[in-house]
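Me: Can you walk me through this one, one step at a time? I'd like to start with a helix and then get to the strands.

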Amino acid sequence: MLLSVLPADWASPVAWIIGIVLIMAIALIVRKLLHRVVDRVIRRAADGVMPERLRFRAQPVDATTAVITERRRQRAETLGSVLNSLITAIVFGTAGLMVLSRFGLDLAPILTSVGILGVAVGFGAQELVKDFIAGMFMLVEDQYGVGDLIDTGMAVGTVEAVTLRITRLRDVDGRVWYVRNGTITRVGNESQGWSRAVVDVPVAYEADISGIRDVLKGIAEDVWNDPNLRDIAIVEEPQVYGLEQISDKAMIFRISVKTVPSQQAEVAREMRMRVKMTLDRAGIPLAGV
């Protein structure tokens, strides 16, 4: 068709250019479509599977549900970013090879060399591959996320970043740890779903057990009814377990509070302060353990 429009000397170069342009245009369109599909799937995964008509009838979510929803959204977005990067690399890599073939290059030796190089790199980068695979499973399984307080065995701290290769932590001293994902064999997560604050209250052996228990239950009710704590820092009414330990010097009562992730230390401090103030007003001295 070009021969009927253009001179013979121009037809072949123009057809060659048009072929390259079409290859790149098709690559861009395919990449855009695949990214759109991935983004749609990621949005559905982040929003959950509840039908839209039921969302408006659902009861207000508590703090724990909100945290879980946010973690699901972060995990979905991270996986979406990884998938989009892989799609871009595969589509443009394929388009690049097709463009090279238009230049008249023989792709067979190139592909063979790339295969041999890939095998050599694979042998030399086994640890890197191990890190990437471990990182992918960590993301898919939601073992931890940014903001979680975790114990990896080698370091304990708050997660600042999670990639396919490393996890970056910051400990209580401000020290930053870079831990390769492939070296993590077990993880203790103190921030997933909910946390628990435990406060032990030692009182004198001669104290009235029923009276102490009533005082502690009153503190638990006050904490639960505090609008600055309920569903913001704590997710369930505090439980007074009663006598946890007993000796010739003291009786130890225990209060347990289920809290929002990573808020257990703050809630425990608030509980200790209220216990001390209430016991002082009631004239009940604390005992040494």
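**Helix first, then the sheet**

Reply: Helix H7 covers residues 264-282, and its 19 residues at 1.5 Å a residue should span 27 Å; the end C-alpha atoms are 27 Å apart, so that agrees. The expected span is 1.5 Å times one less than the number of residues. Helices (H or I, at least four residues) and strands (E, at least two) are DSSP runs, numbered from the N terminus. Bear in mind that this is a predicted model, where local features need pLDDT of at least 70, side-chain atom pairs count only at pLDDT 80 or more, and totals for chains, interfaces and linings use all residues. Residues are numbered from 1 along each chain as its sequence is written, and side-chain values use heavy atoms, with hydrogens and water left out.

Me: Within what arc do the buried residues of H7 fall, seen down its axis?

Reply: Buried means under 20% relative accessible area, exposed over 50%, and partly exposed in between (1.4 Å probe, protein chains only). In H7 the buried residues include Val-267, Met-271, Arg-274 and Leu-279. They line one face of the helix, because the directions from the axis to the C-beta atoms stay within an arc of 130°.

Me: Is Asp-214 buried, partly exposed or exposed?

Reply: Asp-214 sits in helix H6, residues 209-225. Its relative accessibility is 53%, so Asp-214 counts as exposed.

Me: And Ile-17: buried, partly exposed or exposed?

Reply: Ile-17 belongs to helix H1. With 46% relative accessibility, Ile-17 counts as partly exposed.

Me: On to the strands! In what order do the five of them form the sheet?

Reply: Two strands pair if DSSP finds at least two bridges between them. The edge strands, each pairing on one side only, are E4 (176-180) and E5 (188-189). The sheet is open and its pairing antiparallel, in the order E4-E3-E2-E1-E5.

Me: Which residue of E3 is the bridge partner of Ala-161?

Reply: Strand E2 (residues 156-162) pairs with E3 over four bridges, in the antiparallel sense. A hairpin through three residues joins E2 to E3. The partner of Ala-161 in E3 is Arg-168.

Me: Which residue of E4 is the bridge partner of Arg-168?

Reply: E3 (residues 166-170) and E4 run antiparallel, joined by five bridges. One of the pairs is Thr-167 with Val-179. For Arg-168, the partner in E4 is Tyr-178.

Me: Which residue in the turn between E3 and E4 has a positive phi?

Reply: E3 and E4 form a hairpin with five residues between them. The phi is about 90°, and the residue is Gly-174.
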